[in-house]
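Subject: Structure for you to look at

Hello,

Here is the structure I promised to pass on to you, together with my notes. Please open it first and keep it beside you while you read on.

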Amino acid sequence: MDRLSDLLARFSVRAGVFHSGAFCGITAFDGDQQEGQLHLLRAGQMAVLLDGQEARVAEPSLLFLPRPYRHRLMAGDADQTELVCASLNFDGGAGNPLAAALPDYLLLPLDTVPMLEPTLRWLFEEAFGEECGRLAMMNRLFELLVIQLLRHLLATRGVESGMLAGLADPRLARALNQLHAHPEASWTLDSMAEAAAMSRARFAAHFRAVVGQTPGDYLLSWRLGLAQKLLREGMAMQRVAEQVGYESASALARAFRRKTGNSPREWRKAERAAG
């Protein structure tokens, strides 16, 4: 069962490398930027400030921040730090359900994620080589790395609650896959339970325990996250409503206001002002 392809088809990630090579000094991210980041420590060591706590990273490691998050990287001359960094933009911006389902950050030694080793080797060869097209190649390899990190989280059940926890559960994954692939369907609690091959009551209780919200609330969040992405892309309201399971533009607008506190027009206006 492919638990990621529908998600990534609707909410893909784009990477942009902004540093590769020796690193010395202090680089701070205030959390107000629009992107997440992925930092790869290839050699040497550095200090990382997260949640107000400083950690010393003294072995090859990755720091994955899927959303804007306040943090700081620090290294001195003696640390001999080699670092490759990229910004990450998930389609759908702040409303992206996939980015929202991930932890604020992951700090992992590279030897604890052996499935990444071939991609990391290739990425470091590009980062510290001189081949033509290296920047474009690194961007694509960072995007591949994010997909492999998602696979790792599913395989290890590395997220305790939310969408990825649900996708790591074999029974819930069957229903979630169907919801993600067909948000326009007339979903009910009974039809979701049937997709999971569970009784209605057992499905509802298990879904809430694992995912952290009711099936109905999850479906609403998924539909509106997708609606926000499509509206941002310029699709007409009626067409968006059809794509995400509402019988009319006005029905979608009512659900949108209940969830966000704003009409789609007000939300779009605020989006443009913030962007």
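With 275 residues, a compact globule would have a radius of gyration near 19 Å, and the chain, at 20 Å, agrees with that; the radius is taken over C-alpha atoms, and the globule rule is 2.2 Å times the number of residues to the power 0.38. Please keep in mind that this is a predicted model, in which local features need pLDDT of at least 70 and side-chain atom pairs count only at pLDDT 80 or more, while totals for chains, interfaces and linings use all residues. Residues are numbered from 1 along each chain as its sequence is written, and side-chain values use heavy atoms, with hydrogens and water left out.

Along its principal axes, the C-alpha trace spans about 60 × 40 × 40 Å. The chain holds twelve helices and nine strands, where helices (H or I, at least four residues) and strands (E, at least two) are DSSP runs numbered from the N terminus. If we call two residues in contact when they have heavy atoms within 4.5 Å, then among contacts between residues at least 6 apart in sequence, 70% join residues at least 24 apart.

Next comes the inside of the chain. Of its 275 residues, 47% count as buried, a word that stands for under 20% relative accessible area, with exposed meaning over 50% and partly exposed lying in between (1.4 Å probe, protein chains only). A nonpolar core is a set of buried Ala, Val, Leu, Ile, Met, Phe, Trp, Tyr and Cys residues joined through side-chain atoms within 4.5 Å. The largest such core has 73 residues, of which Leu38, Leu40, Leu62, Phe64, Phe142, Leu164 and Phe203 touch the most other members. Helix H4 (residues 134-156) gives this core its largest share, nine residues. A second, separate core has 13 residues, among them Phe23, Val48, Ala75 and Cys85. To return to Leu164, its contacts include Leu98, Ala101 and Leu102 as well as Leu150, Leu153, Leu154 and Val159, once residues up to four places away in sequence are set aside.

Two loops deserve a careful look. Most residues other than glycine have a negative phi. Glutamine 80, however, has a positive phi of about 50° although it is not a glycine, and its place is in the loop between strand E7 (71-75) and strand E8 (81-90). With a relative accessibility of 62%, glutamine 80 counts as exposed. Glycine 76 is found in the loop between E7 and E8 too, but glycine 76 is partly exposed, at 27%; its C-alpha atom is separated by 8.7 Å from that of isoleucine 26, which is 50 residues apart from it along the chain. In the loop between helix H7 (189-196) and helix H8 (200-211) you will find alanine 197, which has a positive phi of about 60° although it is not a glycine, and which counts as exposed at 60% relative accessibility.

Finally, please look at arginine 171, which has its place in helix H6 (residues 170-181) and is partly exposed, with a relative accessible area of 29%. Leaving out residues up to four places away in sequence, arginine 171 touches Ala196, Met198, Arg202 and His206. Arginine 70, by contrast, is 101 residues from arginine 171 in sequence and 36 Å from it in space, C-alpha to C-alpha.

With best wishes
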